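Have the sequence and the model open beside you as you read.

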Amino acid sequence: MRLIVADDEAGMSRTAADLFCEAVAAKPSSSVLVATGNTPMGMYAEIAARQAVGQCDCGQLRAIQLDEYLGIPAGDRRSLYGWMRRSFIDPLGIPDAQVMRLAGDAADPDAACAAFTTAIRAAGGIDISVLGLGPNGHLGFNEPPSAADAPTRVITLTEASIESNAVYWGSRDDVPRRAMTVGMDVLLAARLTIVVVSGERKREILQRMMSGPVSPDVPASLLQTADNVVVVADRAAAGELASTSAAGVRR
Ligand code: PGA
C-alpha cells in the first residue's frame, strides 16, 4: 500500500483525481467501481472539471455501483445509485449503456448479487476501484467481520454504519438496516485501488487499515494484501502516518 498525504481535503481530491485521470488516460474504457459517501465528492468534482477543459476524457468508462440499500428503488432520495448518478455518471456524461446498477429493489436480492459478480467478471473485472473508508473499517458495505473471500451479497448494517450514514439522510430512522455490497473478493482483485480518507475522525481507523493486523475485523486492512493500492489522505486523517509510513510518498 502506498500512502500519499495531502495538506488538506482539497489537496486530497486533486491528488486522487491525478491518479484517476492517469489511469483513464492509460485505458479510456476502464471499468470503475464508484463509491458514494462524502469523501470522494471533491475528487469527482475535480475529475468533471478536468474533463470540461479537455484534460480527462471519461466518456468511455464503465461505471459500476459499489453498494446499495436493500429495498430502495432508484428514485428514492436515499438511493446510492441516485447519489452515484448525481456525483459521477451525470457530471461525466457516462452513457446509460455503460452503467451497472446494483439493484437494491431486486425481487431476489441474492440472485441479483450473484448476477452482479458474474457481470463484473464478464466486463473483465475492475480496472479502477475508488473507495472511501468507513469509520468501522468497512469498504462499501463489507461490514466487520468480512473475510477476503466474502462475495457480493446482502448484509445487515452495523450500529456504527447506521450512525455514520444517518448524517446523509437526516436521522437514524431514515437509514435502511440492510444493504447489498460488492464483495471483498472483487475489491481485492481490482487492478488499481484509490482509497480517499479525510478528517481527524478517520485517523485511528486509517492507522489500523495501513499498519494494523490484517483481519476480517477491519475489512480495509485486507487491502494490505492487494496489489496496487494507493491511499490518499489529508493531513488531519494521516496524523503520524504522514511522517512514519515507510512506504509513504509525500506530496
Ligand atoms: P464517508 O463514508 O466518505 O462519508 O466518510 C465512507 C464510508 O462509510 O464508506
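A disulfide here is a pair of cysteine sulfur atoms within 2.5 Å. Searching the whole structure with that rule turns up one disulfide. This is a predicted model, in which local features need pLDDT of at least 70 and side-chain atom pairs count only at pLDDT 80 or more, while totals for chains, interfaces and linings use all residues. Residues are numbered from 1 along each chain as its sequence is written, and side-chain values use heavy atoms, with hydrogens and water left out.

**The cysteines**

The disulfide joins Cys21 to Cys56, with an S to S distance of 2.5 Å. The link of Cys21 and Cys56 is left-handed, at -100° about the S-S bond. It connects distant parts of the chain, 35 residues apart: Cys21 is in helix H1 (residues 9–26), and Cys56 is in the loop between helix H2 (41–52) and strand E3 (62–65). Helices (H or I, at least four residues) and strands (E, at least two) are DSSP runs, numbered from the N terminus.

What about Cys58? Its closest cysteine sulfur is in Cys56, 3.9 Å away, which is too far for a bond.

Buried means under 20% relative accessible area, exposed over 50%, and partly exposed in between (1.4 Å probe, protein chains only).

| Residue | Relative accessibility | Class |
|---|---|---|
| Cys21 | 11% | buried |
| Cys56 | 3% | buried |
| Cys58 | 0% | buried |
| Cys113 | 2% | buried |

**The aromatic rings**

Rings of Phe, Tyr and Trp (its six-membered ring) pair if their centres lie within 6.5 Å; planes under 30 degrees apart count as stacked, over 60 as edge-to-face and the rest as tilted. The structure holds seven such aromatic pairs. In one of them, the ring centres of Tyr69 and Phe141 are 5.7 Å apart and the planes meet at 45°, so this pair is tilted. Tyr69 belongs to strand E4 (residues 67–69) and Phe141 to the loop between strand E6 (128–131) and strand E7 (153–156), so the contact ties together parts 72 residues apart in sequence. Tyr69 is buried at 0% relative accessibility, and Phe141 is buried at 3%.

Tyr69 also pairs with Trp169, edge-to-face, at 6.2 Å centre to centre and 80° between the planes. Because Tyr69 lies in strand E4 and Trp169 in helix H5 (residues 159–169), this pair ties together parts 100 residues apart in sequence. Tyr69, Trp83, Phe141, Tyr168 and Trp169 form one aromatic cluster.
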